Amino acid sequence: YKVEVDGVISRPSMLVTAVQTYLNSKRVGDERNRRLATDGKGLGSNASGKRYPDAGTTHTVYALQRYLKVSRDGYLSGGNSTAVRALQRRLNAGTF
């Protein structure tokens, strides 16, 4: 299926768990090159709207940024993230 390339994660738990599992299979670790937990956490924002890492873990964010070859700061902007856009494009192209 196609996803809208809008830079927003609408269902973090399912998408993030899939991202974590995929990155682990590619041996792309966190900022210390550790294996990622497949807990569906660490991307997007929490219920109060705080973005990560203000609200939680950064490990998945760093790993995703490393894999997508975008700037690595451990943050995903709330409304229009270059890393999320790159992920959405790769999902649509079947390359992720």
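Just after helix H2, Lys69 takes a positive phi of about 60°. Helices here (H or I, at least four residues) are DSSP runs, numbered from the N terminus. The model is a predicted one, in which local features need pLDDT of at least 70, side-chain atom pairs count only at pLDDT 80 or more, and totals for chains, interfaces and linings use all residues. Residues are numbered from 1 along each chain as its sequence is written, and side-chain values use heavy atoms, with hydrogens and water left out.

Seven of its 10 residues are buried, so the helix is largely enclosed by the rest of the structure. Buried means under 20% relative accessible area, exposed means over 50%, and partly exposed is in between (1.4 Å probe, protein chains only). The buried residues of H2 are Thr60, Val61, Ala63, Leu64, Gln65, Tyr67 and Leu68.

The largest nonpolar core has 17 residues. Such a core is a set of buried Ala, Val, Leu, Ile, Met, Phe, Trp, Tyr and Cys residues joined through side-chain atoms within 4.5 Å. H1, H2 and H3 are the elements that give two or more residues to this core, and its largest share, five residues, comes from H2. Among the residues with the most contacts inside the core are Val19, Leu64, Tyr67 and Phe96. In soluble globular proteins, nonpolar side chains tend to be buried together.

**An aromatic cluster**

The structure holds three aromatic pairs. Rings of Phe, Tyr and Trp (its six-membered ring) pair if their centres lie within 6.5 Å; planes under 30 degrees apart count as stacked, over 60 as edge-to-face and the rest as tilted. Two of the pairs share Tyr67:

| Pair | Centre to centre | Angle between planes | Type |
|---|---|---|---|
| Tyr22 and Tyr67 | 5.7 Å | 85° | edge-to-face |
| Tyr67 and Phe96 | 5.5 Å | 75° | edge-to-face |

Tyr22 lies in helix H1 (residues 12-25) and Tyr67 in helix H2 (residues 59-68), so their pair ties together parts that are 45 residues apart in sequence. The pair of Tyr67 and Phe96 also links distant parts of the chain, as Phe96 is in the segment after helix H3 (82-93), 29 residues away from Tyr67. Ring pairs link Tyr22, Tyr67 and Phe96 into a cluster. Tyr22 and Tyr67 are both buried, and Phe96 is buried too.

Contact means heavy atoms within 4.5 Å. Leaving aside neighbours within four places in sequence, Tyr67 is in contact with Tyr22, Leu23, Lys26, Val28, Arg90, Thr95 and Phe96. Of these, Val28 lies in the loop between H1 and H2, and its 12% relative accessibility makes it count as buried. Val28 and Ala63 are 35 residues apart in sequence and 6.0 Å apart in space, C-alpha to C-alpha.

How many salt bridges does the structure hold? It holds one, formed by Asp30 with Arg34, whose closest N and O atoms are 2.7 Å apart. A salt bridge is a side-chain nitrogen of Lys or Arg within 4 Å of a carboxyl oxygen of Asp or Glu. Asp30 counts as buried at 2% relative accessibility, whereas Arg34 counts as partly exposed at 34%.

Ser25, in helix H1, is exposed, with a relative accessible area of 53%. Ser25 and Arg35 are 10 residues apart in sequence and 9.6 Å apart in space, C-alpha to C-alpha.
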